[in-house]
Amino acid sequence: MTILKFGQADALRCRFGISPLWETISAVRVLNGPRHRPLYSPWVAAKADATAGLELELLRAVQPRTGYTPDFLTPPPKASRARFETEIARVRSTPLHQVRAELIQSRDTRNNPGAPTINKMLTDPAAAREGFAAEIEAAWHALIEPDWPLISRVLEDDLAYRGNQLTSGGLAKLFDDLHPALAWADDRLITSQFREQDRELEGQGLLLVPGVFAWPYLVLVTATGYQPTVVYPARGAARLWSDAPAPPDPLATLLGRTRATLLVALDPPATTSALAAQYGLALGTVAEHLGALHGAGLVSRRRTGHQVHYRRTDVGQAVVDASVG
């Protein structure tokens, strides 16, 4: 059991972050992991061609079945919505003494089959650091970047849901629903999934990072020098690999099939770019149709940071419901 102990300042400094770097490393673990995770079977099959040419020898060596993977490969994001280019630059700037120390820790994980490869890395930590960065970049471009509008949509939806929980019920409500292995009691966050990693947060707060490729696990970062972090499975990840809902025929007849499809797709809310990627449409086409739906009072829009999320209004929902009935 691991306990993270909160002070008053920590409760005020809990925040959320989205990390394309974490998604990339987690996706590689799904590919390399010895345990079958059926949620991702459609994704693995769809990415078979993309993964065929990937060289991931270094990452495989430091992703043991159980045990320690170097934290410098996934530094907790500093921004709420980190950019991959910024994150990979942080990997490349990791001090070499830190690279060496964390590689040794990973090598010494019990029964780590990657130990011989890690020993080779230790002869030139600078080359190892650059090799890791190159492998991560290749994995990002092949596995995550093409689907990032859809992946980020799921992550944004999760943040909206968790934010509502925090607002309505505080940390107790947030953590009681975050993951089955987490529990909140007496200003302490308790998890049964790790051993002997107790830590006083000491005013740093806790960073919470949803992950599409995290299911069904938690990842806990407690090492000194890093922002305390919990990576947890994002809600709704399964819908990334399920068929998109088709609009009812009466609705398609009324609005036109594309507009009807977009109206039905706004559950949960979505951005123009996410819908364009999901349905293979041009951004301008999606924007035009959403504009028409907005003008008719069937959808509303709200800006969050640099993004505009569209959602069905009550009138829009009534139209969808009527076409089904």
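Author: In this predicted model, 4 strands form an open sheet with mixed pairing, and their order is E3-E4-E1-E5. Strand E3 (182-185) and strand E5 (199-200) stand at the edges; each has a single partner strand, so one side of each is left without a neighbour in the sheet. In general, the strands of a sheet pair through backbone hydrogen bonds, in either a parallel or an antiparallel manner. Strand E1 (residues 2-5) and strand E4 (residues 188-191) are paired in the antiparallel sense, over 4 bridges. Within this pairing, Leu4 has Leu189 in E4 as its bridge partner.

Helix H10 (residues 148-176) lies across E3 and E4, and the direction of H10 makes an angle of about 155° with E3.

Both members of the bridge pair named above, Leu4 and Leu189, are in contact with Leu206. Leaving aside neighbours within four places in sequence, the contacts of Leu206 also include Phe6, Phe175, Leu201 and Val230, as well as Arg13, Arg15 and Gln227. Leu206 in turn belongs to the largest nonpolar core, which has 70 residues. Phe6, Phe132, Phe175 and Leu206 are the residues with the most contacts inside that core. A second, separate core has 18 residues, among them Ala260, Val264, Ala270 and Ala276.

Methods. Residues numbered from 1 in each chain as written. Predicted model: local features only at pLDDT ≥ 70, side-chain atom pairs only at ≥ 80, totals over all residues. Heavy atoms only, no water. Pairing = 2+ DSSP bridges. Helix = DSSP H or I, 4+ residues; strand = E, 2+ residues; numbered from the N terminus. Contact = heavy atoms within 4.5 Å. Axes fitted to C-alpha atoms, helices over the stretch in contact; angles between N-to-C directions. Core = buried A, V, L, I, M, F, W, Y, C linked by side-chain atoms within 4.5 Å. Buried < 20%, exposed > 50% of the residue type's maximum accessible area, 1.4 Å probe, protein only.
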